[in-house]
Amino acid sequence: ELREYTAKINTMVEEQTRVMREKESRFHDFVHKASDGILIFEFSGKLLYLNPKGAEILCFDSPEDAIAFATVRNIFVFDVRAEKFFTELNLKNSVRQKEMSFITKKREQITVEISATLHLDAQSQTQHIHIIFRDITEKKKHEEQNFRALKMEYISTLAGGLAHDFNNMLGGILGYASFSKAKISPNDPLYHNLDAIEQSAVRAAEFTQKLMGFSRGATHGFQH
């Protein structure tokens, strides 16, 4: 009976070991093949783990290369956003989808979207910081370009509308000045004043045409 009982215990242990190894293997595959970067830091700042995607984003030759080189201090850009991020992380134990700046091995600054979780020990002391991040540098550049394009389109539309209204007013001024000049003698003291008004209106109309040309050109550029 003792042998039978021991055999059952061994079988159970072997089965549990097999299950744990399968779970560990699946977890390793998931992390290793993840499309986002995954970092694990000690609370002291030492890098414990970096998956291949994270190494690629940060321009390291391999995760091992990163572990030998990197710490929190030479990956994070410690600006106002980083200060707020770590303050919130310490208060809430987790932070989701915050924009931060990282520094790659090439010393280039990139923008990342980051989520993090604190892992605590039995005494509620921080042991590890688990971080998931993705590079959104190009996305932010496109957003900035689109914003500038929309801003310029708004300015050109506004300039075109103002130029059109101003041009209509100038047409009235020119018409009245020309009509009034035709009604009086060139020797009349008012003739010179009307001529000055007419010439000023012509120059203003030329400027208005340039402004309208800018508006049309800018809009044409955005459409292509």
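Phe214 is partly exposed, because its relative accessible area is 37%, between the cut-offs of 20% and 50%. Phe214 sits in helix 6, which spans residues 189–223. This is a predicted model.

## The nonpolar patch

Phe214 belongs to a nonpolar surface patch. Helix 5 (residues 137–183) supplies the largest share, five residues.

## Fold and surface

The chain has six helices and five strands. Along the sequence they run α-β-β-α-α-α-β-β-β-α-α.

Of the 224 residues, 27% count as buried. The chain exposes about 15,500 Å². Carbon and sulfur atoms make up 56% of that area. Among contacts with a separation of 6 or more, 47% link residues 24 or more positions apart.

## Confidence

Mean pLDDT for the chain is 82. A value of 70 or more is reached by 83% of the residues. Strand 3 (residues 94–103) has the highest mean among the elements, at 94. Helix 1 (residues 2–32) has the lowest, at 65.

Where pLDDT is low, predicted coordinates should not be read in detail.

Conventions: Residues are numbered from 1 along each chain as its sequence is written. This is a predicted model: local features need pLDDT of at least 70, side-chain atom pairs count only at pLDDT 80 or more; totals for chains, interfaces and linings use all residues. Side-chain values use heavy atoms; hydrogens and water are left out. pLDDT is the predictor's confidence in each residue, from 0 to 100. Helices (H or I, at least four residues) and strands (E, at least two) are DSSP runs, numbered from the N terminus. Buried means under 20% relative accessible area, exposed over 50%, partly exposed in between (1.4 Å probe, protein chains only). Contact means heavy atoms within 4.5 Å. Accessible areas come from the Shrake-Rupley method with a 1.4 Å probe; for residues, only the protein chains shown count as cover. Patches are made of residues with over 30% relative accessible area and no salt bridge: like charges are joined within 9 Å, nonpolar side chains (Val, Leu, Ile, Met, Phe, Trp, Tyr) within 5 Å. A salt bridge is a side-chain nitrogen of Lys or Arg within 4 Å of a carboxyl oxygen of Asp or Glu.
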